[in-house]
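Please keep the sequence and the coordinates at hand while reading.

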Amino acid sequence: MEKELETNSRRYFLRNTTLVALSTSLMPLKGMANVLGQNKSSVVCNETTLDLYGQGPFYTANAPEIAINQLADLNETGIRLIITGVVKTLDCTQVIPNTLIDIWHANNAGTYDNTGFNLRGKTYSNAQGYYVFETILPGKYLNGASYRPRHIHFKITPPGFPTLITQLYFEGDTDIPGDAAASVTSGNFDATSRIIPITLNSDGKYEGTWDIVLNGDGITGVQDINLNKGIIYSASPNPFTNSVEFNYGIYNASSVTIQIFDLEGVMVATLDESFQQAQKYSATWTPDPNLPAGIYFSALKINDLHVHYLKLMKV
Ligand SMILES: [Fe+2]
């Protein structure tokens with residue numbers, strides 16, 4: 001029983017601790033323990049559900065691959081929105097790289113491009129199971145007498161496994177309760193875990209995290225987040241231009257490294273590779289000025305385990 005609770009609380013973290021939340025606040029260790037304690041009994045790792053409305057009428061096959069993570073052109077009207085997440089196996093203990101994620105949604109006015117591929121595109125989870133794309137907040141459109149809540153459509157296909165077709169919604173949308181699909185709270189079409197919070201980041205864009213849990217072949221080692229071993233408290237400034245300072249904590253004397261990866265999973269930097277005692281540290285990364293702008297992931301590696309990831313944006 002105790003072991004089960006432990007596992008469940010860890011899954012709670014995997015599922016609910018967003019990169020955004022951790023990156024914007026210093027979370028004291030005591031507070032974190034409380035969070036774990038409070039949620040022990042209600043925590044599960046849930047398979048991502050289908051949407052009641054399925055694919056809907058506006059899918060177009062053969063959308064192009066998204067270039068530099070921008071689903072929406074920079075001149076597309078609307079509020080910019082970045083969605084990131086990790087594709088995970090059904091028990092949330094492994095990540096699934098190279099998962100095809102086919103995305104489409106309405107424009108700011110609630111209209112689909114049904115002749116071309118605007119706001120339609122494909123991306124893949126990277127070597128660490130992460131995916132990211134930047135777009136605009138979709139507009140609402142009438143479905144009968146009422147508006148459908150803002151939503152993004154997904155067709156998600158892990159290598160060698162069936163495709164999951166579903167939709168993503170946003171917390172606080174007043175049209176969710178009246179929507180036949182978004183209001184489902186149980187069963188096969190339960191939308192609860194597909195309604196995500198979005199928050200304004202320091203770059204003036206909305207950001208949301210959505211982890212996708214489905215049947216597929218996972219890999220171990222990169223998503224074994226063990227926040228009881230250590231944590232990156234903060235990386236600032238983020239977004240950054242010239243350099244980033246990491247503040248991190250180690251709870252047991254260990255061999256410690258901070259590694260930086262690009263979206264393809266290629267390691268672009270290694271910081272602070274040394275044996276360190278249990279305490280708080282800081283480390284600064286000043287990348288080569290020629291490093292391309294974009295999104296990177298920092299990983300705190302303790303012994304041979306990546307214990308915590310944090311997203312970085314170079315502008
Ligand atoms: Fe739709």
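In this predicted model, the largest nonpolar core holds 58 residues, and among these I103, I232, F297, L300 and L312 touch the most other members. At least three residues of this core come from each of domain 1 (2–43 + 225–314) and domain 2 (80–213). As a general background, nonpolar side chains in soluble globular proteins tend to be buried together.

Among the contacts between residues at least 6 apart in sequence, 71% join residues at least 24 apart.

An open sheet of 3 strands has the order β13-β14-β17, with antiparallel pairing. Because β13 (230–236) and β17 (280–285) stand at its edges and have a single partner strand each, one side of each is left without a neighbour in the sheet. On average, and with direction ignored, neighbouring strands of this sheet are turned by 20° against each other. Between β13 and β14 (residues 244–250), which run antiparallel, there are 6 bridges, and S234 stands opposite N247 in β14.

A further open sheet consists of 4 strands in the order β16-β15-β18-β19, again with antiparallel pairing. Here β16 (267–276) and β19 (305–314) are the edge strands, each with a single partner strand, and therefore one side of each lacks a neighbour in the sheet. Its neighbouring strands are turned by 15° against each other on average, direction ignored. Strand β18 (residues 294–302) is joined to β19 by 9 bridges, the two running antiparallel, and the bridge partner of I295 in β19 is M313.

Which strand is the place of I260? This residue lies in β15 (residues 254–262), and I260 counts as buried because 21 other C-beta atoms lie within 10 Å, where the cut-off for a buried residue is 20 or more. Although I260 and F297 are 37 residues apart along the chain, their C-alpha atoms are separated by 5.6 Å. Not counting residues up to four places away in sequence, I260 touches M267, V268, A269, W285, Y296 and S298.

Conventions: Residues are numbered from 1 along each chain as its sequence is written. This is a predicted model: local features need pLDDT of at least 70, side-chain atom pairs count only at pLDDT 80 or more; totals for chains, interfaces and linings use all residues. Two strands pair if DSSP finds at least two bridges between them. Axes are lines fitted to C-alpha atoms, for helices over the stretch in contact, and angles run from 0 to 180 degrees between N-to-C directions. A residue is buried if 20 or more other C-beta atoms lie within 10 Å of its own, exposed if 12 or fewer, and partly exposed in between; C-beta atoms are placed from the backbone. Two residues are in contact if their C-beta atoms, placed from the backbone, lie within 7 Å. A nonpolar core is a set of buried Ala, Val, Leu, Ile, Met, Phe, Trp, Tyr and Cys residues joined through C-beta atoms within 7 Å. Domain bounds come from an automatic or database domain assignment.
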